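Morning, everyone. Let me put the structure up, and then we'll walk through it.

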Amino acid sequence: MKFCSVCGHEVQFVVPPGDNRPRYRCAQCGTIHYQNPTLVLGTIPVWGDRILLCRRAIEPRYGFWTLPAGFMENGETTAEGAQRETLEEAGANIALGEVFSMVDVPHVNQVHVFFRAELLDAHFAPGPDSLEVRLLAEDDIPWDSIAFRTVAQTLRWYFEDRRSGVHVMHTGAIRSASHRSAREA
Ligand code: ZN
């Protein structure tokens with residue numbers, strides 16, 4: 001951040017009085033522009049023994065496969081956001097279940113949350129962010145072409161649980177691999 005979004009003056013990156021870490025602070029109007037992690041919400045839409053995956057039509061990771069997911073919007077709940085993203089990216093109507101996984105990605109200041117979901121019918125279609133949407137069995141998952149490590153981890157947990165009959169919520173953290181690009185989660 002270079003300029004204050006309130007008054008347009010240049011900002012400084014300083015520790016404000018009473019704080020313990022540097023913030024972008026406007027030298028003109030004094031506004032402190034806090035920056036905090038963002039939530040990414042997604043679902044694991046299931047139809048029988050198959051999972052709905054989307055092939056991305058946008059960067060980052062154009063052409064790679066992902067669970068339907070995206071950034072939480074202001075004014076919505078996590079459940080509403082997950083449902084909205086599933087409809088926008090996959091054109092899929094779902095019955096939303098419980099939270100399945102929550103994965104911290106501190107090097108990009110994100111937390112990814114995936115909900116269990118069941119497709120209400122087999123009608124789905126790619127939205128503007130997707131090249132195609134497909135139902136895939138475990139053996140057909142393109143593991144080498146999964147867009148994000150949080151998605152690959154969530155899918156691994158899901159299939160492990162299905163084999164073992166376990167039904168728990170999963171948490172974890174994905175750390176930066178050295179020299180990976182900053183926006184890669
Ligand atoms: Zn200002």
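Start at R61. R61 is partly exposed, because its relative accessible area is 24%. On the cut-offs: buried means under 20% relative accessible area, exposed means over 50%, and partly exposed lies in between, with a 1.4 Å probe and protein chains only.

A word on the source. This is a predicted model: local features need pLDDT of at least 70, side-chain atom pairs count only at pLDDT 80 or more, and totals for chains, interfaces and linings use all residues. Residues are numbered from 1 along each chain as its sequence is written, and side-chain values use heavy atoms, with hydrogens and water left out.

Back to R61. It sits in the loop between β5 (50-56) and β6 (65-66). Helices (H or I, at least four residues) and strands (E, at least two) are DSSP runs, numbered from the N terminus. I146 is 85 residues away along the chain, yet the C-alpha atoms of R61 and I146 are separated by 8.7 Å.

Next, the metal. What coordinates the zinc ion? C4, C7, C26 and C29 do, each through SG, at 2.3 to 2.4 Å. Donors are N, O and S atoms within 2.8 Å of the metal (3.2 Å for Na, K and Ca); water is not among the atoms, so sites may look incomplete. Along the chain the donors follow C-x2-C-x18-C-x2-C. The arrangement is tetrahedral because the four donor atoms subtend angles of 98 to 119 degrees. The cut-off for four donors: all angles between 85 and 135 degrees.

Two of these cysteines, then. C4 counts as buried, because its relative accessibility is 5%. C7, at 39%, counts as partly exposed.

Note on methods:
Tetrahedral: all angles 85-135°; square planar, octahedral: opposite > 155°, others 65-115°.
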